[in-house]
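Trainee: I am new to this structure. Please take me through one part of it closely.

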Amino acid sequence: MKRKILSFLGAIALFFILGIASSSFKENETASKLFMLLAFGAPIFLLFWGFSKTQAQRLLERQQWQAAEWRRQGELSLLQMIDAALSDGRLTQAEVDGIVKWAQTNGIPLDGPAGWKLRQAIFLQSLLNGTPCEPPVAPPDGIAWEPGEKFLYAWPQTMMAEFQTKKQYVAGSSGLSIRVCSGVYVRTGGVRGHIEESKGFVSLGVGPVAITNRNLYVMAPIEPIKAPLKNLVSVRALENGVVLSFSGRQKMLGLDAGDHWFMANVIMNARHVP
């Protein structure tokens with residue numbers, strides 16, 4: 001920054017100095033033109049020098065780019081290793097140790113997407129084993145937990161929707177218009193209508209969703225929902241959310257917290273925890 005400021009001030013000074021010098025050579029037209037060219041050319045050259053990157057800066061930027069590219073390639077390799085470990089549906093401690101050791105050996109930190117996915121996989125494996133680790137997020141406030149219920153996970157900002165059936169009365173009319181005299185008509189017949197039904201997901205708003213080993217808590221802003229996991233029939237992870245189907249009176253729910261694969265697996269496997 002200091003170099004840029006100095007070059008900028010120097011360019012202004014050169015412009016005025018050389019411009020004044022060119023005016024002092026009125027009798028010598030050649031010298032006057034030369035100084036006039038220098039008055040424009042020298043400041044431009046000085047600005048180019050001041051705002052161009054030094055060799056040290058170019059070397060630093062290249063090193064930073066190489067480090068970022070190395071980390072990107074390492075993240076991709078870690079993700080591939082995690083996917084390979086999860087291909088059989090389970091994650092063993094030996095696989096976890098191998099992935100962590102590879103990351104440490106190659107200097108790839110586990111604070112990026114690959115590290116987060118590894119922590120998710122470890123958490124899911126603990127649910128499958130029935131021995132969950134410490135919840136990585138805090139439980140939402142305002143939920144009355146059942147005695148002995150174990151909190152497992154929560155998504156603080158979730159878009160919620162419920163599958164509902166709407167009924168709407170659509171009116172109609174029938175009959176004839178009979179002309180009595182000029183400008184006067186009499187309508188015969190009556191008004192008839194019918195009820196139409198429409199089905200689909202209706203938004204419940206945005207709020208926290210919590211899962212325990214017994215219940216799913218959907219804290220909708222107007223009317224919170226408590227859905228027992230014993231009534232859970234299916235969990236489907238789609239591109240735009242997770243769809244939950246229940247038996248009994250609980251309607252189908254649609255949830256979108258961003259990470260659909262993880263949410264679907266946590267909800268599906270929460271019942272393994274005693």
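Trainee: Does Arg72 count as buried, partly exposed or exposed, and at what relative accessibility?

Mentor: Arg72 counts as partly exposed, because its relative accessibility is 42%. Buried means under 20% relative accessible area, exposed means over 50%, and partly exposed lies in between (1.4 Å probe, protein chains only). The model is predicted: local features need pLDDT of at least 70, side-chain atom pairs count only at pLDDT 80 or more, and totals for chains, interfaces and linings use all residues. Residues are numbered from 1 along each chain as its sequence is written, and side-chain values use heavy atoms, with hydrogens and water left out.

Now the partner. Arg72 forms a salt bridge with Glu69, with the closest N and O atoms 2.8 Å apart. A salt bridge is a side-chain nitrogen of Lys or Arg within 4 Å of a carboxyl oxygen of Asp or Glu. By this rule the count comes to four salt bridges. Glu69 is partly exposed, at a relative accessible area of 25%. Both residues sit in helix H3 (residues 55-85), three residues apart, so about one helical turn separates them. Helices (H or I, at least four residues) and strands (E, at least two) are DSSP runs, numbered from the N terminus.

Lys117 and Asp83 meet through their side chains at 2.5 Å, N to O. This pair links distant parts of the chain: Lys117 is in helix H5 and Asp83 in helix H3, 34 residues apart. Asp83 is partly exposed, with a relative accessible area of 39%.
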